[in-house]
Amino acid sequence: MLDIECLDRIYLNAYVPILQSSGQVVAFMTRHLGKPIPSPALMEQIGTRFRGAVESCASSNGIPWVRFGKGDRKIDVMQPYLRAQAATGRSGVAAAGAAQEFQRVWSAYQRDTKAAAPQYTFAKADRRVTCYYFYLRDEDSGGAFIKVCACFPYPAKIWVNGHEWAKRQALRAGIGFTELSNGFASCEDPAALQDICGRLQPGTIEVFAQRWMHRIPMPFGSTDRDAGYWWECSMRQVEVSRTIVFDAPHRARSFFEALIAGNLDLGRPENAEIVFGRRVRCDTPGTFRTAIDRPLIDPDDKGAVVNIFYKHSRVKQYLKDGRAMRIETVINCPRDLACNARLPSLGGLQAKARAISGRILDAERAGQGTVLASPAFERIAHPSRSADGRRTPALRFGGPRVMALAGALCSTLLAAAGITNKSLRALMTGLPAAPYGPGQMTYDLRRLRLAGLIRRIEHTNRYVLTPDGTRFAVFYTKLHNRLLRPLMAAGQPPAPPPLRQALHAIDQHVDDYITHARLGKAA
C-alpha cells in the first residue's frame, strides 16, 4: 500500500503591500512618480502601457492568444496549448488570454471643491475589468498560470500544483513511479518520494512566482521594484492531500462505500472541532456539516464525494481513479486554522492540514475496526486482577450503565485535550436510568484505567483512550445500536417482512418444543 502526503493545488494572491490604502496611492503618485496632482489619469497611463506590453509580448514571441467567453472553463480551453508547450521540453508561456472579471480595484472620485486644481478621493470598489492569463509550462513545476488584473493596484493570482512539482523532482532523482490523475499510483521508493513531497516549501513557491513575474509583462518595472512597489504573495486557497493506494483495487469501491456509511456524522460541530483541532462554540460563525455529493464538473471519480465543512474550509474525501482513497484538506481561509495568510506561513498551515487528515483516518479506523479480540473481551467483560493484585471490576456488555459509558466514550474518541471527570460526566448525564454523580464517575474512571482502557496524562487529571479503550467503546456501541437493538425490534413493522416471517417461524418451533416437553408457558 502506498501512502503519500503532498501539497496539491496552491492558489496565491499577489499584491503590492504599500498600495493598499488611499494615502499610499497618493504617495505613489506624488512622491514616487513625482506628479503634483494625484489623478486617475496616472493610473490609466500605467494600465494602457501594460495592456500594450502584453499584446506586444504575445505577438513578438508567437504566443497563442485566447479571448475567453462567458462560461468558458479556462483550463479546458488551454489544455491543448499546455500539451504543445510540454512537447517542446522547454519552459515557456504556452498561451495568453484575456477575460472580463470582477476585481477589487482603486476608483477615483472628484471632490466638489472651489480649488483651481482638481482633487480626487480614492476608494476601493468592485469593477468589471480586463484580466490577463498567462498559462505556463515550467521545468520544475509543470503546468501553472498567473493572472494579472489590468487596473490599479494590479492584483494578481498565481496557481501551481504540488503533485506536478513532486513528479518532476522524482524523475530527476531517478525514482520510478506510475501516475494517478494528479497523484501517484505506485513508487519504487515511497520513503524517498515522501521526502521529496515534504521539500516543497514557501521558498520554492516564492522563487517560482518571482521568476515568472520577472519574465512576463507586468505593470511595474525595475525602478518601481527598487522603490518597493512589487508583488508579495499570500495564500488564497491551499489543498493538502493524502493519497492511500490500495493493494487490491477491485475492493476499493466496496471499502469506500462502507466507509461513507459509517462516518456520516463527521461534520457535526463537536466532530468538526475534533477533526480540525479548533474550538467550536455556539456563536462560532460558519458551516459545520457533512455532505455526500457527486461532482458535476471535472469529477476525479464518478462515485460519491464526502465533504466535511468547517467555516470557510472543508475536507474532501473520495475514491481516486477507482483505486486510491484521497483526502484533500481545502483551506480557503488560513485564519480558520489560526494561521496567517502570508506565504511564509505555509509550513505551519500544511502541518495542521496533515494533522486534520490524520484525525479523520483515526476516526474512520475506530469506526471500521470494531473487532474486540477474545483475550481483551475476556479481560474487560469479567472481573480480573492486575499484576500487583488489585481487583478490576467487570464492564459487562448489556449493562445500562456500561453501555451508557461506552456511548459517552465514543463521543470523545479524538478529543485532543483528553477527558476529565467533569467532561465525561456531562456526556453521561441522562443516559443511565438511575441518577449519576461524581462518585460514580470516579469509580467508572478507575475501572476503565485498571482494565487498560484509558491512561492518565502525566501531571494532569486528564485521561486519553488506549487502543483497547477505543475498540471497547466502538464495539459495544455498534453491537448494541446496529445489531441487537434492530434485531430485538425485528418482529414489528417497519422491519422487512421476510425477517418478521423468519422470526415468527423460530417462535413457532420454540413453542412446539415447549409443548412437546410438557413444560407449559410462563404466566
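This is a predicted model: local features need pLDDT of at least 70, side-chain atom pairs count only at pLDDT 80 or more; totals for chains, interfaces and linings use all residues.
Asp 321 lies in the loop between β12 (313-320) and β13 (324-331); with a relative accessible area of 34%, Asp 321 is partly exposed, because the exposed class begins only over 50%.

Strand β6, which spans residues 156-161, is mostly covered, five of its six residues being buried. Strand β1 (residues 2-15) is joined to β6 by six bridges, and the two strands run antiparallel; within this pairing, Ala 14 has Ala 156 of β6 as its bridge partner. Strand β6 also pairs with β5 (residues 142-149), again in the antiparallel sense and over five bridges, and here Trp 159 of β6 stands opposite Phe 145.

The hairpin of β5 and β6 has six residues between the strands, and in it Tyr 154 takes a positive phi near 60°. Pro 153 is likewise placed in the loop between β5 and β6, and the peptide bond that joins Phe 152 to Pro 153 is cis, with omega about 10°.

Two of the residues just described also take part in side-chain packing. Phe 152 and Tyr 154 belong to one aromatic cluster, together with Phe 28, Phe 220, Tyr 229, Trp 230 and Trp 231. Phe 220, apart from its neighbours within four places in sequence, is in contact with Phe 28, Phe 152, Tyr 154, Tyr 229, Trp 230 and Trp 231, and also with Val 16, Leu 19 and Ile 46.

The largest nonpolar core comprises 84 residues, of which Phe 134, Phe 152, Ile 158, Phe 220 and Trp 231 touch the most other members. Strand β1 gives the most to this core, contributing seven residues. In soluble globular proteins, nonpolar side chains tend to be buried together.

Aromatic pairs number 19 in the structure. One of them is formed by Tyr 133 and Tyr 135, whose rings are stacked, with 6.3 Å centre to centre and 20° between the planes; both Tyr 133 and Tyr 135 are buried. Charged side chains also sit over aromatic rings: the charged end of Arg 215 is placed over the ring of Trp 212, 4.3 Å from its centre, while Lys 74 lies over the face of Phe 68 at 5.5 Å from the ring centre.

The structure holds zero disulfides. For Cys 151, the nearest cysteine sulfur is that of Cys 149, 5.0 Å away, and Cys 151 is in no disulfide, because a disulfide requires the two sulfur atoms to be within 2.5 Å. Cys 151 counts as partly exposed at 24% relative accessibility, whereas Cys 233, at 3% relative accessibility, counts as buried, since the buried class is under 20%.

Key:
Residues are numbered from 1 along each chain as its sequence is written. Side-chain values use heavy atoms; hydrogens and water are left out. Buried means under 20% relative accessible area, exposed over 50%, partly exposed in between (1.4 Å probe, protein chains only). Helices (H or I, at least four residues) and strands (E, at least two) are DSSP runs, numbered from the N terminus. Two strands pair if DSSP finds at least two bridges between them. A nonpolar core is a set of buried Ala, Val, Leu, Ile, Met, Phe, Trp, Tyr and Cys residues joined through side-chain atoms within 4.5 Å. Contact means heavy atoms within 4.5 Å. Rings of Phe, Tyr and Trp (its six-membered ring) pair if their centres lie within 6.5 Å; planes under 30 degrees apart count as stacked, over 60 as edge-to-face and the rest as tilted. A charge sits over a ring if NZ of Lys or CZ of Arg is within 6 Å of the ring centre and within 35 degrees of the ring normal.
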